[in-house]
Amino acid sequence: MLHIGVLQFTLEIPYAESLKDKRGVLNSLKDRLRRNYNLSISEIEDQDDCTLATMGAVIAGSDIPSLNSTMDHLINTLHDWKDATLTDHQLEIFTPR
């Protein structure tokens with residue numbers, strides 16, 4: 001059965017002085033997360049703010065405990081990210097019918 005984990009999170013990027021700086025930080029983060037977690041990720045809000053980024057990440061899996069564990073590791077990675085600070089996150093795991 002298919003289960004989908006959706007994580008929406010907000011990062012503060014205090015040292016970004018331009019959208020170009022922000023893009024560099026986000027591209028590095030997205031590449032690392034895609035490589036480590038095999039997920040889909042995109043910036044979904046705050047595109048015009050150079051110090052804030054609201055992003056969405058989606059992972060599909062076949063069992064909820066494994067998916068929940070992966071999402072927990074993802075959140076821990078975001079907490080430990082050196083170039084940005086995780087300020088908010090919302091996690092939902094659902095099963096489509």
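Good morning. Please keep in mind throughout that the model before you is predicted.

I begin with the overall architecture. The secondary structure consists of two helices and four strands.

How does the radius of gyration of the protein agree with that of a compact globule? For 97 residues, a compact globule would have a radius of gyration near 13 Å, and the protein, at 14 Å, agrees with this. The C-alpha trace spans about 45 × 25 × 20 Å along its principal axes.

Next, the contacts and the surface. Of the contacts between residues at least 6 apart in sequence, 71% join residues that are at least 24 apart. Buried residues account for 34% of the 97. The protein exposes about 5900 Å², and 46% of that area comes from carbon and sulfur atoms. As for charge, there are 9 positive and 15 negative charges, and their mean positions lie 8 Å apart.

I now turn to strand E1, which comprises residues 3-12. Seven of its ten residues are buried, so the strand is mostly covered. With which strands does E1 pair in the antiparallel sense? One partner is strand E3, residues 52-61, which runs antiparallel to E1 and is joined to it by ten bridges. Within this pairing, Leu11 stands opposite Ala53 of E3. Another partner is strand E4, residues 85-94, and here the antiparallel pairing extends over nine bridges. Thr10 has Asp88 of E4 as its bridge partner.

As background, most residues other than glycine have a negative phi. Asn38 has a positive phi, near 50°, and is not a glycine. This residue is located in the loop between helix H1 (19-37) and strand E2 (40-45). Is Asn38 buried or exposed? Its relative accessibility is 69%, and because the cut-off for exposed is over 50%, Asn38 counts as exposed.

Asp46 also has a positive phi, of about 60°, and it too is not a glycine. Asp46 is found in the loop between E2 and E3. With a relative accessible area of 28%, Asp46 is partly exposed.

Thank you for your attention.

Technical notes:
Residues are numbered from 1 along each chain as its sequence is written. This is a predicted model: local features need pLDDT of at least 70, side-chain atom pairs count only at pLDDT 80 or more; totals for chains, interfaces and linings use all residues. Side-chain values use heavy atoms; hydrogens and water are left out. The radius of gyration is taken over C-alpha atoms; the globule rule is 2.2 Å times the number of residues to the power 0.38. Buried means under 20% relative accessible area, exposed over 50%, partly exposed in between (1.4 Å probe, protein chains only). Contact means heavy atoms within 4.5 Å. Accessible areas come from the Shrake-Rupley method with a 1.4 Å probe; for residues, only the protein chains shown count as cover. Lys and Arg count as positive and Asp and Glu as negative; His and the chain ends are not counted. The place of a charge is taken as NZ of Lys, CZ of Arg, CG of Asp or CD of Glu. Two strands pair if DSSP finds at least two bridges between them.
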